[in-house]
Amino acid sequence: MRFLLELALLAGAAVTVWRLAPGVWAWVLAPTAVVMVTLIWGTFLSPKARLVIPVAARIILEAVLFGAVGVALWTTGLGGAGIALWGAWALDRIAITVLR
């Protein structure tokens, strides 16, 4: 489930930028957004992260990433997808906390 959420986050970032960027810029900025989110995730949030940060900071960073992409999807007319993305992340985070 966690991996699917990460993929949805990347797809959401790409779709948002694609819908917001004018013309040819979408071809440049959408992959750039995916790379930026991937770098943040890989550096701080992945199981093999290069930099280990406290659990509270991880949760806050995840909430910011998923929340930002969710709000961005909402502003581009994909409100249901934005709510679903953030809601699925929140449920996953709750499950992780409860099951530990």
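## Asp92, a buried acidic residue

At 11% relative accessibility, Asp92 counts as buried, because the term covers residues under 20% relative accessible area, whereas exposed means over 50% and partly exposed lies in between (1.4 Å probe, protein chains only). The residue sits in helix α4, which spans residues 79-99. Helices here are DSSP runs (H or I, at least four residues; strands are E, at least two), numbered from the N terminus.

The model is predicted: local features need pLDDT of at least 70, and side-chain atom pairs count only at pLDDT 80 or more, while totals for chains, interfaces and linings use all residues. Residues are numbered from 1 along each chain as its sequence is written, and side-chain values use heavy atoms, with hydrogens and water left out.

Leaving aside residues up to four places away in sequence, Asp92 touches Met1, Arg2 and Leu5; contact here means heavy atoms within 4.5 Å. With the side chain of Arg2, the side chain of Asp92 also makes a polar contact of 2.8 Å. A polar contact is a pair of N or O atoms within 3.5 Å; within protein, one must be able to donate a hydrogen and the other to accept it, and residues adjacent in sequence count only if both atoms are side-chain atoms.

## Salt bridges between helices

How many salt bridges does a search of the whole structure find? The search finds 3, each defined as a side-chain nitrogen of Lys or Arg within 4 Å of a carboxyl oxygen of Asp or Glu. One of them joins the side chains of Arg2 and Asp92, at 2.8 Å from N to O. Arg2 lies in helix α1 and Asp92 in helix α4, so this pair ties together parts that are 90 residues apart in sequence.

Arg2 also forms a salt bridge with Glu62, with the closest N and O atoms 2.5 Å apart. Because Arg2 belongs to helix α1 (residues 2-20) and Glu62 to helix α3 (residues 55-75), the pair ties together parts that are 60 residues apart in sequence. Arg2 is partly exposed, with a relative accessible area of 21%, whereas Glu62, at 0% relative accessibility, counts as buried.

The side chains of Arg93 and Glu62 meet in a further salt bridge, 3.1 Å from N to O. This pair links distant parts of the chain, with Arg93 in helix α4 and Glu62 in helix α3, 31 residues apart. Both Arg93 and Glu62 are buried.

## Aromatic pairs

The count of aromatic pairs comes to 4. Rings of Phe, Tyr and Trp (its six-membered ring) pair if their centres lie within 6.5 Å; planes under 30 degrees apart count as stacked, over 60 as edge-to-face and the rest as tilted. Among these pairs is that of Trp41 and Phe66, which is edge-to-face, at 6.1 Å centre to centre and with 80° between the planes. Trp41 lies in helix α2 and Phe66 in helix α3, so the pair ties together parts that are 25 residues apart in sequence. Trp41 and Phe66 are both buried.

Why is the pair of Trp86 and Trp89 tilted? The ring centres of Trp86 and Trp89 are 5.7 Å apart and the planes stand at 55°, so the pair is tilted. Both residues lie in helix α4, 3 residues apart, about one turn of the helix. Trp86 is partly exposed at 39% relative accessibility, but Trp89 is buried at 5%. Trp41, Phe66, Trp86 and Trp89 form one aromatic cluster.

## A nonpolar patch on the surface

Trp18, Val24, Trp25, Trp27, Val28 and Leu29 form a nonpolar patch on the surface, with about 700 Å² of accessible area together. Patches are made of residues with over 30% relative accessible area and no salt bridge; like charges are joined within 9 Å, and nonpolar side chains (Val, Leu, Ile, Met, Phe, Trp, Tyr) within 5 Å. Accessible areas come from the Shrake-Rupley method with a 1.4 Å probe, and for residues only the protein chains shown count as cover.

Which helix gives the largest share of the nonpolar patch? Helix α2 (residues 25-45) does, with 4 residues. Leu29 has its place in helix α2 and is partly exposed, with a relative accessible area of 35%. Val28 is also in helix α2, and its relative accessible area of 43% makes it partly exposed. The C-alpha atoms of Val28 and Trp18 are separated by 9.1 Å, the two residues being 10 residues apart along the chain.
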